[in-house]
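Hi,

Please have a look at the structure below. My notes on what I found in it follow.

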Amino acid sequence: MGDKRLDQKLPPRRRAWDLTLRLLICACAAVTALLVAALIAYILLRGLPGVTWQLISSQESYLNNTIGILPSILNTLYIIVAALVIVLPLGVGAAVYLTEYASSRRLVRVIEFTTETLAGIPSIIYGLVGMMFFCQLLRLKTSLLAGALTLVIMILPTIVRTTQESLKTVPESYREGALGLGATKWYMIRTIILPSSIDGIVTGCILAIGRIVGESAALLFTAGLGLKLLGNFFEAMGGSGATLSVALYIYAMERGKFEVAFAVAAVLMLIVLVINFAAKVLGKRLKNKL
Amino acid sequence: MKAKKFVEKLMNAVFFFCGILAVGCVLLITVYMVASGLPAIREIGLGKFLFGQVWASTAKEPRFGILPFILTSVYGTAGATLLGVPVGLLTAVFLSKVAPKKLADRVRPAVDLLAGIPSVVYGLIGVSVLVPFIAKVFGLPKGTSLLAAMLVLSVMILPSIISVSETALRAVPPEYEEASLALGATPTETIFKVSIPAAKSGIAAGVVLGIGRAIGEAMAVMMVAGNVANMPALFDSVTFLTTAISKEMSYSSGLQRQALFSIALILFLFIMVINVVLNVALKGGKKGEK
Amino acid sequence: MENIITSQDLKLYYGNFEALKGITVELAEREITALIGPSGCGKSTFLKTLNRMNDLVPGVRVEGQVLYHGQDIFAPEVDVTQLRKNVGMVFQKPNPFPMSIYDNIAYGPRLHGTHSKAELNDLVERSLRGASLWEEVRDRLKKSALGLSGGQQQRLCIARALAVQPDVLLMDEPTSALDPASTIRIEELMAELKKNYTVVIVTHNMQQAARISDKCAFFLLGEMVEIGPTEQIFSMPRDKRTEDYITGRFG
């Protein structure tokens with residue numbers, strides 16, 4: 001009936017196999033973790049020294065031979081604001097439709113499938129379609145507005161998904177309670193559903209901001225490459241300008257100014273860090289609500 | 001009372017519009033891709049376009065063969081997958097099965113951070129650190145190469161692979177693992193012989209998601225691959241489907257421009273196939289859980 | 001009869017909570033010992049200590065000894081995989097792997113170094129016969145084990161445990177998730193298993209304990225109140241608390 005001794009070690013081959021795989025697992029995790037640490041450290045160490053007040057508070061000047069990224073910072077902000085203002089009602093509306101209105105299972109499945117599809121389309125394709133549809137067909141030319149509209153389609157799935165998640169956490173009894181008191185559906189949504197899903201909506205916004213800040217391929221042909229100040233928000237919407245990510249590309253690849261590119265990268269990295277942190281905090285709050 | 005009913009109806013319509021907006025966007029993108037992509041293919045001939053080995057869009061007698069781009073995208077993605085999947089999967093194993101909870105909770109945000117880094121920042125590090133490094137190590141005149149693109153892409157797809165695989169591994173019923181341990185398997189043997197096979201459809205979904213990311217990535221690849229229309233070779237400058245579009249779009253015209261849209265159509269088809277595969281993989285996973 | 005497993009003043013703590021308060025018991029070869037008692041009394045914990053499945057729970061601490069063939073299972077030189085190979089376990093919920101029936105049975109032997117096709121075929125057949133499942137599944141060994149009924153799945157799990165050739169089988173409420181007909185089949189099977197194996201079973205079902213076990217141990221609040229021949233425990237328990245439990249006065 002086999003050997004009943006317990007103090008025998010595993011056969012050498014089995015032990016070696018076991019140990020090797022365990023080491024490999026730890027090694028891979030270490031590689032991933034070190035990679036993240038090294039990437040962030042490298043970008044910040046090489047980029048931060050270049051982030052001067054002058055850099056972030058002025059625009060490029062050939063006369064003084066100075067470089068400033070204020071236009072790109074403003075362009076990024078403008079695009080974020082414009083895209084969010086447009087996408088929020090649409091995305092939240094879509095999520096409300098999916099969870100509160102849609103009665104046909106099939107339609108919901110079709111919408112969810114297309115939303116997933118939308119999330120999988122590469123940004124270069126958004127760029128092309130945005131160029132053809134917004135810039136050419138709607139005659140918006142290469143402008144921040146065209147860029148923002150293109151991004152609206154891109155971040156729509158993010159907003160829909162996070163809002164939907166938090167709408168699902170609203171207890172059914174709230175809905176029944178409100179409707180039982182004779183409230184109309186729209187009144188119920190306005191007063192009960194939307195306020196209790198605010199965390200999810202905000203989380204969606206933060207993720208969307210992250211996506212916008214990092215986006216470049218979709219903006220090349222829609223928002224353009226301009227590095228000059230465009231004036232106030234409404235003037236800027238009609239002008240062509242580069243966001244920070246696009247500016248990074250221009251400085252690195254077309255101007256060969258790696259140090260400026262790294263300074264921009266450091267700024268981007270700081271934004272990404274803040275966004276990740278904010279998303280995490282909110283995510284936790286959302287979970288606690290459950 | 002009437003006004004109330006009108007508002008109800010109106011809001012119903014508004015939400016319905018938001019709901020089907022995603023469907024509309026996918027349709028719009030599809031229509032644009034097909035409509036703008038077909039003319040050049042018709043003019044050049046599908047066979048010549050897909051299997052032509054020479055791309056000389058600005059030559060006197062232009063030739064539009066995109067086989068180099070297709071193969072580069074396929075090889076580049078395959079290489080990135082080959083590198084990224086083992087590291088990503090084992091990191092996911094570490095996070096879900098090996099690491100103490102506290103350590104896992106520290107490493108996971110780092111992985112999320114990896115997903116948040118803009119692709120131009122990956123490109124910048126690639127072109128300023130990785131490319132010179134490759135040139136030096138392999139004694140090449142220029143380090144911009146398929147290899148550089150593969151390496152950058154393999155890091156960029158890590159987060160998708162890790163987070164989706166980790167979710168799948170966590171969903172493996174603990175009863176399976178208990179049964180394996182009770183039969184005298186070591187924890188490592190249990191992971192490789194029970195947990196990973198049981199999570200395979202979720203892991204596959206993560207891999208497919210990563211493949212989609214890699215094949216659609218434009219900016220980072222444009223910065224490190226050299227953008228010469230060579231047939232793919234590990235140490236040569238190459239052009240991906242995505243970069244073929246973005247590098248010429250700004251100055252293209254006529255048939256050349258139309259051919260770029262045709263490339264986008266091919267890329268779009270690739271992505272659509274991947275999306276369908278992804279959906280099937282995820283569905284398979286859900287069935288497996290039951 | 002020789003004692004296979006002896007536990008001496010076994011204490012087990014989850015953090016600060018003392019889940020087992022000094023259990024001393026001797027388990028004889030080729031007998032079925034039933035562990036009974038109300039929920040949370042420590043009987044399952046005790047069972048899982050015998051093959052050290054409790055090691056998986058964070059914060060667990062053990063004092064005292066458990067001897068298996070005279071060897072302390074908590075001794076540092078003990079390889080826990082050897083222990084679990086010899087002391088097999090069947091769980092409350094049938095938990096076949098999502099693989100074919102054949103691969104489920106062959107999983108353990110393959111781990112422990114059996115790779116020859118002929119040997120594996122032989123082992124699979126013997127184990128399935130041992131769990132009286134062979135006739136039902138011989139034509140579909142390559143089919144997924146998840147297609148079997150609940151009762152068949154549980155017998156498959158027993159066969160899987162037998163395939164690594166243990167001499168002790170621990171069963172943690174093996175029939176509580178099954179219908180009455182499947183339960184009876186498993187009980188019949190246990191009577192067969194007794195001929196070759198030492199069986200320790202945790203059960204909530206008094207009738208089951210009375211039907212199948214040779215010895216019965218009553219647990220209460222982390223203590224083993226008494227152990228004795230099943231007949232005696234059910235007819236004239238020595239301890240008042242045992243009597244109260246058996247006659248249904250609590251739990």
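**Salt bridges**

C:Arg129 is partly exposed, with 42% relative accessible area. I call a residue buried under 20% relative accessible area, exposed over 50% and partly exposed in between, using a 1.4 Å probe and protein chains only. Before going further: this is a predicted model, so local features need pLDDT of at least 70 and side-chain atom pairs count only at pLDDT 80 or more, while totals for chains, interfaces and linings use all residues. Residues are numbered from 1 along each chain as its sequence is written, chains are lettered from A and ligands numbered from 1 in the order in which they are written, and side-chain values use heavy atoms, with hydrogens and water left out.

The partner of C:Arg129 in a salt bridge is C:Glu125, and their closest N and O atoms are 2.8 Å apart. By salt bridge I mean a side-chain nitrogen of Lys or Arg within 4 Å of a carboxyl oxygen of Asp or Glu. C:Glu125 is partly exposed too, at 28% relative accessibility. Why are C:Arg129 and C:Glu125 separated by about one helical turn? Because they are 4 residues apart in helix H4 of chain C. Helices (H or I, at least four residues) and strands (E, at least two) are DSSP runs, numbered from the N terminus.

Another pair in chain C is C:Glu226 with C:Arg238, which meet in a salt bridge at 3.5 Å, N to O. C:Glu226 belongs to strand E10 (residues 223-229) and C:Arg238 to the loop between helix H9 (230-235) and helix H10 (240-246) of chain C, so this pair ties together parts that are 12 residues apart in sequence. C:Glu226 is buried at 5% relative accessibility, whereas C:Arg238 is exposed at 61%.

In H10 of chain C, C:Asp244 and C:Lys240 are 4 residues apart, which means about one helical turn. They form a salt bridge too, with the closest N and O atoms 3.0 Å apart. C:Asp244 counts as buried, at 14% relative accessibility. In chain B, a network of salt bridges with shared partners joins B:Lys101, B:Asp105, B:Arg108, B:Glu166 and B:Arg170. Over all chains, the count comes to 32 salt bridges.

**Where chain C meets chain B**

Here 22 residues of chain C are in contact (heavy atoms within 4.5 Å) with 16 residues of chain B. The area buried between the two chains is about 1,600 Å², with carbon and sulfur atoms giving 70% of it. C:Phe97, C:Tyr107 and C:Leu111 lose the most area on the chain C side, together 30% of what that side buries. Buried area is the accessible area (1.4 Å probe) that two parts lose on being put together, summed over both.

How many salt bridges cross this interface? The rule finds 1, and B:Glu175 and C:Lys93 meet in a salt bridge at 3.9 Å, N to O. On the chain C side, helix H2 (80-86), strand E6 (87-90), helix H3 (101-111) and helix H6 (150-162) each supply at least two residues. H2(C) gives the most, with 3 residues. By class, this side has 14 nonpolar, 4 polar and 4 charged residues. For the classes, Ala, Val, Leu, Ile, Met, Phe, Trp, Tyr, Cys and Pro are nonpolar, Asp, Glu, Lys and Arg are charged, and the others, Gly among them, are polar.

**Helix H3 of chain C**

H3(C) is largely enclosed by the rest of the structure, because 9 of its 11 residues are buried. Among the buried ones are C:Tyr107 and C:Leu111. The buried residues of H3(C) pack against elements of three chains, including helix H1 (12-47) of chain A, helix H7 (174-182) of chain B and helix H4 (117-130) of chain C. Just after H3(C), C:Gly113 has a positive phi of about 100°.

**Two domains in chain A**

Chain A is divided into domain 1 (2-50) and domain 2 (55-289), with bounds from an automatic or database domain assignment. The area buried between them is about 770 Å², 78% of it from carbon and sulfur atoms. In domain 1, A:Ile43, A:Leu44 and A:Arg46 lose the most area to domain 2, together 55% of what that side buries. The side chains of A:Arg46 and A:Glu259 meet in a salt bridge at 3.0 Å, N to O.

Best wishes
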